[in-house]
Amino acid sequence: MLSEPLNMSADVTESLMAVSPLLRADGRPVEWAISDGYVDYAQAEAAMEARVAAIAAGEANELVWLLEHPPLYTAGVSAKADDLLMPDRFPVYKTGRGGQFTYHGPGQRVAYVMLDLTQRGRDVRGFVHGMEDWIIGALERFGVEAGMREGRVGVWVERKGAGWAREDKIAAIGVKVRKWVSFHGISLNVEPDLDHFGGIVPCGITEHGVTSLMDLGILASMDDADDALKTSFQKCFGPVVDGQPPL
């Protein structure tokens, strides 16, 4: 059953849209669902495909689906074969999302984001920026100053020490849009084994590294990360309601 839109006056609706075109004018909440355990990647992709088709047909609500995968690599549509440095280390999945190679595994929160962009401005670039703002806002809850970088999709933190400085990626973004419904989404490094990223050139970028909340000295549980993501999401995209995970 589709959730009911929120009853809002025209003035409130116009005010919300002035803040962000990514907010739905009808105020309909997004379902927010979390899977326990590790979810098989191929099954997750099939579940996303089915949900996206249902959303596009007007038969299902929008959904943000949070989960963890077992260790694996995914190759986006721009992936280069040479960037897979250890092809036998973990399973490798070709996927239709944008971007290049990325890693998923335990300790990393993956959020698959299935939103109806027809109701949210029909602006893919603006949607991706909204995803970045979402993650940045969540990281602020942990005192992490993160940001976007020109020409590099994702969310980055600047790190400095005695005589050195570098930028590391703490969250990746890879999306696909079909019939103006988004899928795939984000991955936030909470406490994954960062050595697992060594089997690929993450997102095709060799001059920068990866980091996590744990690597930054922040002891945050997955529940803590989920709470921060949920709060920030609502500021960027609007209200949520509890939903049922597809798997």
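In which strand is H104 found? H104 belongs to strand 5, which covers residues 101–104. Keep in mind that this is a predicted model.

- H104 has a relative accessibility of 6%, so it counts as buried, the cut-off being under 20%.
- The side chain of H104 makes a polar contact, at 2.8 Å, with the side chain of Q108.
- Apart from its neighbours within four places in sequence, H104 is in contact with Y41, H69, P70, P71, L72, T74, V110 and S187.
- T102 also lies in strand 5, and with a relative accessible area of 9% T102 is buried.
- Leaving out neighbours within four places in sequence, the contacts of T102 are L72, Y73, T74, R97, A172 and I200.

**The largest cavity**

- How many cavities of 30 Å³ or more are there? The count comes to one.
- The largest cavity has a volume of about 70 Å³.
- Strand 9 and strand 10 each supply at least two residues of the cavity lining, and strand 9 gives the most, with four residues.

**The largest pocket**

- The largest pocket has a volume of about 450 Å³.
- Its lining is made up of 29 residues, and those nearest the centre of the pocket are G98, G99, V153, I173 and G174.
- The elements giving two or more residues to this lining are strand 5, strand 6, helix 3, strand 8 (152–161), strand 9 (164–178) and strand 10.
- Which strand contributes the largest share of the pocket lining? Strand 9 does, with five residues.

**A loop residue, V39**

- V39 is found in the loop between strand 1 and helix 2, the helix being residues 41–56.
- Is V39 buried or exposed? V39 is buried, with a relative accessible area of 5%.
- Although V39 and L67 are 28 residues apart along the chain, their C-alpha atoms are separated by 6.9 Å.
- Not counting residues up to four places away in sequence, V39 touches A44, W65, L67, E68, H69, P70 and L247.

- Helix 4 has 16 residues, 222–237, and at 1.5 Å a residue it should span 22 Å; its end C-alpha atoms are 21 Å apart, which agrees.
- The buried residues of helix 4 are M222, A225, D226, A228, L229, S232, F233, C236 and F237.
- Why do these buried residues line one face of the helix? Seen down the axis of helix 4, they fall within an arc of 165 degrees, so they line one face.
- On the face turned away from the buried side of helix 4 you will find the exposed residues D223 and K235.
- The cover over the buried residues of helix 4 includes strand 1 (30–38), strand 2 (63–68), strand 6 (108–114), helix 3 (124–140), strand 10 (181–189) and strand 12 (240–242).
- Helix 4 is followed by G238, which has a positive phi, near 110 degrees.

Definitions and conventions: Residues are numbered from 1 along each chain as its sequence is written. This is a predicted model: local features need pLDDT of at least 70, side-chain atom pairs count only at pLDDT 80 or more; totals for chains, interfaces and linings use all residues. Side-chain values use heavy atoms; hydrogens and water are left out. The expected span of a helix is 1.5 Å times one less than its number of residues. Buried means under 20% relative accessible area, exposed over 50%, partly exposed in between (1.4 Å probe, protein chains only). The arc is that of the directions from the helix axis to the C-beta atoms. Contact means heavy atoms within 4.5 Å. A polar contact is a pair of N or O atoms within 3.5 Å; within protein, one must be able to donate a hydrogen and the other to accept it, and residues adjacent in sequence count only if both atoms are side-chain atoms. On a 1 Å grid over the protein atoms alone, a cavity is a set of points where a 1.4 Å probe fits but cannot get out, and a pocket is an open set with protein on both sides within 12 Å along at least five of seven lines; lining residues have an atom within 4 Å of a point. Grid points are joined across faces, edges and corners, and a volume is the space filled by probe spheres set on the points.
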